Amino acid sequence: MDYLNHQAHSKTVLKVLNSALVLFVDKGFFNTSIPDLVKHSGVSTGSIYHGFKDKQAIAETLMTTLLMQIESEQQEILDRHTTCWERYYALSKWMIATAEQHPHVMQFVLTARHKEFMPELKPVCSSQPFMTLRNVIQQGMEEGVIRQMDLMVAAASSYGGVLRLIQLGLDGMLEKPLNSYLDEITQACWKSIAVDSNKEN
């Protein structure tokens with residue numbers, strides 16, 4: 001099932017972007033050609049060039065659209081939950097579910113060497129979705145449930161284990177389904193930053 005469904009784009013553009021997402025991860029940006037995109041997406045060469053200037057424009061639009069859609073999904077989670085722990089757990093659950101259902105999304109965002117083919121792109125870790133993750137931890141410090149510490153250290157401690165587990169899952173290194181580790185990894189990471197690590201959440 002395709003991941004991207006952003007309403008800002010036509011169905012044709014979305015077909016190209018979803019195909020680019022798969023091919024850029026599986027073959028690499030430089031090894032993916034326009035004919036590859038034509039074959040995979042079913043969109044004609046003319047239609048691709050009508051929507052995009054070149055392959056780099058496809059990659060840039062793909063990244064922008066991915067981040068916008070991720071940001072929208074994160075906001076829905078924040079709207080449904082209020083406390084820091086609830087938001088942290090729900091966001092971690094969402095990341096793991098996305099990795100299981102749409103592995104190419106996580107692989108492209110987390111492991112693709114974006115600077116090699118999008119040199120003007122700002123570091124992904126400075127994008128809004130990653131800022132949202134950090135803001136939740138900042139909220140926890142303000143609520144007094146997370147110890148006062150450097151925010152980057154706290155964010156790395158809270159999400160680093162989750163993201164590493166996701167990477168292990170994507171690499172096929174886990175013995176069980178990725179989502180079966182959700183409670184254990186979130187509890188372990190939370191205890192590393194919580195004010196009272198012995199207190200149940």
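What share of the contacts in the protein with a separation of 6 or more comes from residues 24 or more positions apart? The share is 66%. Contact here means heavy atoms within 4.5 Å. The model is predicted: local features need pLDDT of at least 70, side-chain atom pairs count only at pLDDT 80 or more, and totals for chains, interfaces and linings use all residues. Residues are numbered from 1 along each chain as its sequence is written, and side-chain values use heavy atoms, with hydrogens and water left out.

The protein has 10 helices and zero strands. Helices (H or I, at least four residues) and strands (E, at least two) are DSSP runs, numbered from the N terminus. Along the sequence, the pattern reads α-α-α-α-α-α-α-α-α-α. The C-alpha trace spans about 60 × 35 × 30 Å along its principal axes. Of the 201 residues, 43% are buried. Buried means under 20% relative accessible area, exposed over 50%, and partly exposed in between (1.4 Å probe, protein chains only).

Two packed helices are described by the angle between their axes and the distance between the axes. Helix H4 covers residues 55–80, and helix H8 covers residues 128–143. Their axes come within 9 Å and cross at roughly 25°. H4 is therefore roughly parallel to H8. Angles under 35 degrees count as roughly parallel, over 145 as roughly antiparallel, 65 to 115 as roughly perpendicular and the rest as oblique. Axes are lines fitted to C-alpha atoms, for helices over the stretch in contact, and angles run from 0 to 180 degrees between N-to-C directions.

On the H4 side, the contact involves Leu67, Ile70, Glu71, Gln74 and Leu78. They meet Gln128, Pro129, Thr132, Leu133 and Val136 in H8. By class, this contact has six nonpolar, three polar and one charged residues. Ala, Val, Leu, Ile, Met, Phe, Trp, Tyr, Cys and Pro count as nonpolar, Asp, Glu, Lys and Arg as charged, and the others, Gly among them, as polar. Threonine 132 of H8 is buried, at 9% relative accessibility. Leaving aside neighbours within four places in sequence, threonine 132 is in contact with Gln74 and Leu78.

The structure holds 10 aromatic pairs. Rings of Phe, Tyr and Trp (its six-membered ring) pair if their centres lie within 6.5 Å; planes under 30 degrees apart count as stacked, over 60 as edge-to-face and the rest as tilted. Tryptophan 85 and tyrosine 88 form a tilted pair, 6.0 Å centre to centre, with 45° between the planes. Both lie in helix H5 (residues 84–101), three residues apart, about one turn of the helix. Tryptophan 85 is buried at 18% relative accessible area, and tyrosine 88 is buried at 0%.

Phenylalanine 108 and phenylalanine 117 form another tilted pair, 6.5 Å centre to centre, with 40° between the planes. Phenylalanine 108 is buried at 0% relative accessibility, and phenylalanine 117 is buried at 7%. Ring pairs link Phe24, Phe29, Phe30, Phe108 and Phe117 into a cluster.

Lysine 55 lies in helix H4. Its relative accessible area is 19%, so lysine 55 counts as buried. The charged end of lysine 55 sits over the ring of phenylalanine 29, 4.5 Å from the ring centre. A charge sits over a ring if NZ of Lys or CZ of Arg is within 6 Å of the ring centre and within 35 degrees of the ring normal. Lysine 55 touches Phe24, Phe29, Phe30, Thr32 and Ile34, not counting residues up to four places away in sequence. Lysine 176 lies over the face of tyrosine 181, at 4.8 Å from the ring centre.
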